[in-house]
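Here's a quick briefing to read alongside the model. It takes a domain interface to begin with, then a sheet.

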Amino acid sequence: MTEKQDEDIRIGIFVCHCGTNIGGFVDCEQLAEYATTLPNVAHSEHNLYTCSETGLAAIRNAVKEHNLNRVVVASCTPRTHEPLFRDCVQEVGLNPYLFNFVNIRDQCTWVHMKETDAAFEKAKDLIKMGSAKAAKLEALERIVVDINPIALIIGGGISGMNTAISLSKQGFKTHLVEKEDKLGGRLKSLYKLFPNDQEASAFLEDMTKKVEASKNLTVYTSSKIKSIEGFIGNYNVEIEQNGDIISLNVGAIIVAVGASVFEPTNLFGYDGEKSITQLELENKLKNNEVDANNIVMIQCVGARNEERVYCSSICCMTALKNALIIKEFNPDAHVTILFRDIYTPGIQYEQYFKKARKAGVLFIKYTLEKLPLVDKNEIKVFNEYLGEEILIPYDLLVLSTPLIANNDNSDLAQMLKVPLEENNFFLEAHVKLRPIDFATDGIYICGSAKWPVDITESTTQGLAAASRASRILSHETIEVESSTAYLPEWNKSLCKGCEVCITICPYNAIIKNEDDEIEIIQALCKGCGTCGSTCTKHAIEIKHFNNEQIMAEIIAFGGKIIE
Amino acid sequence: MSFEPRILGFLCNWCSYAGADLAGVSRIQYPPNIRVIRVMCSGRVDPEFIFKALKLGIDGVIITGCHPGDCHYIEGNYEAVKKFELVQKLLSKLNMEKRIRLEWVSASEGNRFAEVITDFTNQIKELGPSPLSGKDLDMELMEKLEALEMAAESYRLRALVGRERKITEQENVYGEKYPKEKFDNLFDAAINNEYIRNRILLSLEKNPKSVKDLATQLNIDSKEILNHILVLKGRNQVAMEDIIENQPIYLNVMER
């Protein structure tokens, strides 16, 4: 589609009234008239709604009638309407990248409603700048990559197993890699599950059976990821299993590595016998080894403090569950929970809390400033509600410790080129809009690898990850961003091989190839453009945001350069 | 009529441009002086863009990006900081550093976008029009700005900016980290040297001069000038043209 490059540049400008959103504040007819005075503009008009079918038809007709090869729409914002107009110009044979958007609503008339004269002048400048950039636009070919319809799931805990089962059910070949010798992750060490008191071992057995029965699903236990290279649709992964290296090629990767348990060394007399963690308590309950009558639990041990600011979000429910189990075994047992805040979101969990209170579990609030003091046989705690210190005798102390990020997260993050957040958990692309995606295409995240979550949430997220991954895996090919960085042939002689671009590229998209030349892997590049502004010799160009285009915008606003 | 500054803004697509749109959707009003250029990442903003804008007499340039840690491209905004700091340091030589600003605005901060733009517009109003905006151009100032731009374009400064985070934040193969303070000293010295060298080049472009002439014209010690001349000779940017009264005369031999 490069034939248009050689013709004269003929720009069409379409000024949208957007009803009264723009037209109510600036004179769109005059703006369209002004546009005809700009260089290379062959046609301009104003429409009530350029995005309506009438407006789009007007664009299509004008492109044909006036032989336009660039289209500029001045209206709302490219963030919502650029795809629509790109499709529109493509329908009449123009490359979609020969379209340019000018934002005169969200960033002009809506924010200068009381200064309409100034808004009019601003709209003129913005159209002038947009038109100047349009003149420099180049047709770009959409980059298409093949998708290998195979999934890799890292981590065989509850979320990873769910993802694997779901994907294999959908017919995708799936590999599940687990570093331990058995599947199950944290679930292996639990006794019962809240809120329905299901036996964890039975639940796990059921899941494992489903995994075993799944077609297309290969499980690798006692295996570690050695290396990951590639991009969406084409990841080359090496797995180490008992010293052997297994090579796989997969189209999508799901990170389900879960989290680790914090060990409360030197905290509240932790000794593994009289002072134990909730996880150790689960084990004792499983083997019916709890013979204590006075049980005290301390919440937020090593969490929500300066060192670990976050709430681990599952410990409150765990403590309630175990307290209720103890009460069930031994109704006369005294169970006291020392808490800072109780977190039981949702109706079901809140009812669980009420059930614990009804069963006679005592709740005493303490604060971070006045931590409980643990003696041999009693605990001294400042009761926030009474405003005084009380002594509680105990023969078993249970510490609720948070889940923490695995210490090998950073190794995996580096291999995948995905970010970690401040506590070393994996960071999703967007907390609300893309909670299961990474910013890197073709890689997904679920379960406690992202944040401590319970079984229900792990299951949900596991299924969500399968759903996100299947969107990619179900296609034979996928289009990736075309406005990437590249090293034009004519600039190759400029490159000195300083490799600064390789250093700063966050996606490792720039490499030195066999000929010792800088090469930019188009499918990996996301087009941020940082390499272009860093390149010591101005050799790297950024498609759709190249120096010439941006400079044209600056000059259109500032006037002529005086050299 | 009161002074209405002309302000250019570079907004990153993912955070700030969305934040600016949100200001619109929320109808939060701010001064109409800014004209926006959308870039995908604040890291895309080449120092060259800022210098070009200032040379055109644009009164102020603002760059906005995602908050640290929130960059859509993982770390592009950290690179934006490094480039911005370079331009700021260079512009401080002409007391023009207040005409540029770098701010973080997220996609959810429509209010903050309006506040930042209002504040920057007021700042530029207080500073007054750019010394390069009027009809009577201060050619000496323009030449100095040109020298700063050439310094920013130089291989040496671009390489330092590009490598700064690697040098000061990551360990080398021996497990050593280069102290930030030491790097800053080296960086400042390099900025100073490249500025003076480019002023020499610009001066020699007009007509060949001796070290003494350059020292007088640029008001810099002749020993320092001589050192720079030797470096520039090594880079094949100046050459000796003649010897007049025992004084070597140099000229600019760069291809432009």
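In this predicted model, domain 1 and domain 2 of chain B bury about 1200 Å² between them, and 58% of that sits on carbon and sulfur atoms. The domain assignment puts domain 1 of chain B at 7-127 and domain 2 of chain B at 154-252. Each domain brings 12 residues to the contact.

**Domain interface, chain B**

- Five salt bridges turn up across the interface of domain 1 of chain B and domain 2 of chain B.
- B:K89 and B:D188 make a salt bridge, with 3.1 Å between the closest N and O atoms.
- Between domain 1 of chain B and domain 2 of chain B, six residue pairs are in polar contact, counting pairs with both residues at pLDDT 80 or more.
- On the domain 1 side of chain B that touches domain 2 of chain B, helix 3 (residues 76-91) gives the most, with seven residues.

**Three-stranded sheet, chain A**

- Chain A has an open, antiparallel sheet of three strands, ordered 20-21-22.
- Strand 20 (373-374) and strand 22 (388-393) of chain A are the edges: each has a single partner strand, so one side of each has no neighbour in the sheet.
- Strand 21 (residues 378-383) of chain A runs antiparallel to strand 22 of chain A, and six bridges join them.

Conventions
Residues are numbered from 1 along each chain as its sequence is written. Chains are lettered from A and ligands numbered from 1 in the order in which they are written. This is a predicted model: local features need pLDDT of at least 70, side-chain atom pairs count only at pLDDT 80 or more; totals for chains, interfaces and linings use all residues. Side-chain values use heavy atoms; hydrogens and water are left out. Domain bounds come from an automatic or database domain assignment. Contact means heavy atoms within 4.5 Å. Buried area is the accessible area (1.4 Å probe) that two parts lose on being put together, summed over both. A salt bridge is a side-chain nitrogen of Lys or Arg within 4 Å of a carboxyl oxygen of Asp or Glu. A polar contact is a pair of N or O atoms within 3.5 Å; within protein, one must be able to donate a hydrogen and the other to accept it, and residues adjacent in sequence count only if both atoms are side-chain atoms. Helices (H or I, at least four residues) and strands (E, at least two) are DSSP runs, numbered from the N terminus. Two strands pair if DSSP finds at least two bridges between them.
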